[in-house]
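Trainee: I have this model open and would like to go through it with you. Could we start with the charged pairs and then move on to the rest?

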Amino acid sequence: MIMFGSAVYSEAVDYEQIYRDLPVPDFSYVHDVDPGEYYDTERSTWSPYPLLRLTAPLFFKTVKIDPGYYLLTPRQQEGNWYILFKEAGKVKYIIPAYDRGLTPETFYDENIPKPKLTFTQKFHIKTLDFVGKVFPSSKREPAPQTYLEMNDLENNFVSMVIYWGNYRYYLILRTIQM
């Protein structure tokens, strides 16, 4: 068993077979627009999706993910989970997730550092909390917490674990085309 950060990777798991068994998505979105994005962002102040910066290309079978900045969005299609790589609001790539699991309850508290706020920032937040209690319609819902793990595996495979809200999604990619 190999431990990377908080994720555990077992040598008994055949990542190459998982990679070979995953199908290349054969669907797309009209005008490359994610129809669920409006519902995810309507009560948020900023985008609730994790941001990935790629400096080298990654591959999933015939799909080449070019270097750039991508918002990673989990979506379900016909009972299967996919991760949408969105650039400038448009869906650029669709990659299947091979597994979806629950995020441990204390995961975000253990892995995301708390910002050190100045007195003015604390006062501002307390004021906004007070206004939110008095006028509930003015209170924004917090965006789902997110976290991203990427780990190198043997044979040029890369494991990506995307934590979004209460769930985590697992992807297998390659650094060279197969």
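Mentor: Gladly, and the count comes first: the structure holds 8 salt bridges, a salt bridge being a side-chain nitrogen of Lys or Arg within 4 Å of a carboxyl oxygen of Asp or Glu. Bear in mind that this is a predicted model, in which local features need pLDDT of at least 70 and side-chain atom pairs count only at pLDDT 80 or more, while totals for chains, interfaces and linings use all residues. Residues are numbered from 1 along each chain as its sequence is written, and side-chain values use heavy atoms, with hydrogens and water left out.

Trainee: Which residue does arginine 20 form a salt bridge with?

Mentor: Its partner is glutamate 16, with the closest N and O atoms 2.7 Å apart. Both residues lie in helix H1 (residues 15–21), 4 residues apart, or about one turn of the helix; helices (H or I, at least four residues) and strands (E, at least two) are DSSP runs, numbered from the N terminus.

Trainee: And how is arginine 75 paired?

Mentor: The side chain of arginine 75 meets that of aspartate 34 in a salt bridge of 2.9 Å, N to O. Arginine 75 belongs to strand S6 (residues 68–77) and aspartate 34 to the loop between H1 and helix H2 (37–41), so the pair ties together parts that are 41 residues apart in sequence.

Trainee: Are arginine 75 and aspartate 34 buried or exposed?

Mentor: Both are buried, where buried means under 20% relative accessible area, exposed over 50%, and partly exposed in between (1.4 Å probe, protein chains only).

Trainee: What about aspartate 66?

Mentor: Aspartate 66 forms a salt bridge with lysine 64, the closest N and O atoms being 3.6 Å apart. Elsewhere, salt bridges that share partners join Asp34, Glu37, Asp40, Arg75 and Lys86 into one network.

Trainee: Changing topic, which residues touch the most other members of the largest nonpolar core?

Mentor: They are Ile65, Leu72, Phe85, Ile95, Met160 and Leu171, out of 28 residues in that core. The largest share, 5 residues, comes from S11. A nonpolar core here is a set of buried Ala, Val, Leu, Ile, Met, Phe, Trp, Tyr and Cys residues joined through side-chain atoms within 4.5 Å. There is also a second, separate core of 6 residues, including Phe27, Tyr29, Tyr82 and Ile94.

Trainee: What does leucine 171 touch?

Mentor: Not counting residues up to four places away in sequence, its contacts include Ile83, Phe85, Ile95, Ala97 and Met160, contact meaning heavy atoms within 4.5 Å. Alanine 97, in the loop between S8 and strand S9 (99–102), is buried at 12% relative accessibility. Leaving aside neighbours within four places in sequence, alanine 97 is in contact with Trp81, Tyr82, Tyr169, Tyr170 and Leu171.

Trainee: How is S8 covered and joined?

Mentor: Strand S8 (residues 90–96) is mostly covered, with 5 of its 7 residues buried. Strand S7 (residues 80–87) runs antiparallel to S8 and is joined to it by 6 bridges, pairing requiring that DSSP finds at least two bridges between two strands. Within this pair, phenylalanine 85 stands opposite tyrosine 93. The hairpin has 2 residues between the strands, and alanine 88 takes a positive phi near 55° there.

Trainee: Last one: what are the totals for the protein chain?

Mentor: Its secondary structure comes to 4 helices and 12 strands, and buried residues make up 35% of its 178 residues. Along its principal axes the C-alpha trace spans about 55 × 40 × 30 Å.
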